[in-house]
Amino acid sequence: MTSTSLNTMKHWLKNSEAPAARHIMTSYRSLQTLELPMPRLIASALYQLHSKLKSFLSSLSRALYFSPIFRSKTSQCGKNLFLYGGLPYIAGPLDIQLGHNCRISGKTTFTGRMSNKISPQLIVGDNVDIGWQSTIAVGRKVSLGDNVRIAGGCFMAGYPGHPVQALARAKGLPDNDKQAKDIILDHDVWVGTGVTIIGGVHIGHSSIIAAGSVVTKSLPSGVLAGGNPATVIRKLSKNEE
């Protein structure tokens, strides 16, 4: 049966009001939702077995495969690296330096600006979390201090990737050196879910950035900031820092 005739058959089955077509589609949908009867106790035991087996295989692949591969892409990597969910995506030249006890989601992206004369630096301190589906694009340097927390879906844009001039963009030229800037997060900074941080920003120690914010300018230490563009909402008390 050719692909054309197969598509014609599918269209007929989905749209025809003929009893034969309705009967076939009803039977097909019944097969899609078919499940074997199983006592709840057995199903629960199978679920526990499935979860433990999945966890064991995940730990095994992390220890024997993902972690060694990721370590090979770093110039410095401390003890107790914990990758969860696979292998982070790394693109472009990038000098990655990791401290001890770092936890990084496998669904993260690290990129380095291609047109730099020297490799951009990603410097990560001790006890740092980098959450699910976050991207760190390093223009010149991105530095994360000790105990920094980066929630899921964050984006640090140290370089734009394209020049400002429309003609240069049309030619496919890269951004220029002046567009690449550092991003510095001092120790104990907490960046909430979905935050964007633009190049040239320095966030002081112990500050918290509210979820969904866009940080375009530097922020002082010990503050709660949020919004687009992010501004200081209030000073954190000593008990909160």
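User: Good. What kind of model is this?

Analyst: This is a predicted model, where local features need pLDDT of at least 70 and side-chain atom pairs count only at pLDDT 80 or more, while totals for chains, interfaces and linings use all residues. Residues are numbered from 1 along each chain as its sequence is written, and side-chain values use heavy atoms, leaving out hydrogens and water.

User: Which residue does aspartate 129 pair with in a salt bridge?

Analyst: Its partner is arginine 103, at 2.4 Å from N to O. A salt bridge here is a side-chain nitrogen of Lys or Arg within 4 Å of a carboxyl oxygen of Asp or Glu. Arginine 103 lies in strand S5 (residues 103–105) and aspartate 129 in strand S8 (residues 129–130), so the pair ties together parts that are 26 residues apart in sequence. Strands (E, at least two residues) and helices (H or I, at least four) are DSSP runs, numbered from the N terminus.

User: Which residues are linked in a network of salt bridges?

Analyst: Arg103, Asp129 and Arg149 are.

User: And how many salt bridges are found in the whole structure?

Analyst: The search finds five. One of them joins arginine 113 to aspartate 175, with the closest N and O atoms 2.8 Å apart. These two sit in distant parts of the chain, 62 residues apart.

User: Are arginine 113 and aspartate 175 buried or exposed?

Analyst: Both arginine 113 and aspartate 175 are buried.

User: New topic: which residues touch the most other members of the largest nonpolar core?

Analyst: Leu144, Leu185 and Ile197 do, in a core of 34 residues. Such a core is a set of buried Ala, Val, Leu, Ile, Met, Phe, Trp, Tyr and Cys residues joined through side-chain atoms within 4.5 Å. Among the elements giving two or more residues to this core are strand S4 (95–98) and strand S10 (141–144).

User: What does leucine 144 touch?

Analyst: Not counting residues up to four places away in sequence, its contacts include Ile123, Val128, Met156 and Leu185. Contact means heavy atoms within 4.5 Å.

User: Why might nonpolar side chains gather like that?

Analyst: In soluble globular proteins, they tend to be buried together.

Terms used. Buried means under 20% relative accessible area, exposed over 50%, partly exposed in between (1.4 Å probe, protein chains only).
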